[in-house]
Amino acid sequence: MRMLKTIARLAPVVALAALLAGCGVNTIPTQDEATKTAWAEVQNQYQRRADLIPNLVNTVKGYAAQEKGVLVAVTEARASATQVKVDASTISDPAQFQQYAAAQDKLSGVLGRLMMIQESYPDLKSNQNFLALQSQLEGTENRISIARRDYNQTAQVYNTTLRTFPSIIWAKTLYGSQKPAQLFQATAAAQSAPSVDFSAPPAPTVNTAPQPTPAQ
């Protein structure tokens, strides 16, 4: 009898828990955690790239020290990108998210300039250390692209849950503090393929106009 009474008292609690679960009360926190996990992977891949850059810069410097402007630009862009402080809250802070994305995009741009230097230095192109670093960088860039895509997909699902019925009920009540996650946007440079011209510079213009006859 005592067991039956205990079961009877617990039954409404179990029924309520099942009802809430069926209504999706756990969906928002579950998807929020998934979005944060995807965001952490984006940060992880950007950090992997940042760790590769010093060795890459030093290798290029050994063969193309005269390319000082590009080397300095890469070093400064890396410093700027790694100084932007981010955490899980960044994904719902538009200003902080855009600052982080802009710093990483700037670093991507100057890295592209650094990699183009190899075309002018045959010894650098054949250096085994450079080739290994180049391969690692290319692999990391691919991982970054995949991590950003996965994050965007996860964030889109989460944002949709916050705005659609019936989950919007929980979003407006139990989870009123939850904000939509920001999405990575394609940069302007990514809209078109880069144009690289290694042709020789044009020859200086020669003045072929007739010269005046000196006075006698």
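User: What makes the pair formed by the side chains of Gln-31 and Thr-161 a polar contact?

Analyst: In this predicted model, the side chains of Gln-31 and Thr-161 approach to 2.5 Å. The cut-off for a pair of N or O atoms is 3.5 Å, so the pair qualifies as a polar contact.

User: Why is Gln-31 called buried?

Analyst: The relative accessibility of Gln-31 is 18%. Buried means under 20%, and therefore Gln-31 counts as buried. This residue lies in helix α2, residues 27-63. Beyond its neighbours within four places in sequence, Gln-31 is in contact with Val-157, Tyr-158 and Thr-161.

User: How do you know that the span of helix α4 is close to the expected one?

Analyst: Helix α4 covers residues 94-116, which is 23 residues. From its first C-alpha to its last it reaches 33 Å, and 33 Å is expected at 1.5 Å a residue. At the start of α4, a side-chain oxygen of Asp-93 comes within 3.2 Å of the backbone nitrogen of Ala-95.

User: Which elements do the buried residues of α4 pack against?

Analyst: They pack against α2, α3 (68-83) and α6 (128-163). Among the buried residues of α4 are Phe-97, Leu-107 and Leu-114.

User: What makes Leu-114 and Tyr-151 stand out in the largest nonpolar core?

Analyst: This core has 46 residues, and Leu-114 and Tyr-151 touch the most other members. The element that gives the most to the core is α2, with 10 residues. Leaving out residues up to four places away in sequence, Tyr-151 touches, among others, Trp-39, Ile-91, Phe-97 and Phe-184.

Note on methods: Residues numbered from 1 in each chain as written. Predicted model: local features only at pLDDT ≥ 70, side-chain atom pairs only at ≥ 80, totals over all residues. Heavy atoms only, no water. Helix = DSSP H or I, 4+ residues; strand = E, 2+ residues; numbered from the N terminus. Buried < 20%, exposed > 50% of the residue type's maximum accessible area, 1.4 Å probe, protein only. Polar contact = N/O pair within 3.5 Å; in protein donor to acceptor, adjacent residues only side chain to side chain. Contact = heavy atoms within 4.5 Å. Expected span 1.5 Å × (residues − 1). Core = buried A, V, L, I, M, F, W, Y, C linked by side-chain atoms within 4.5 Å.
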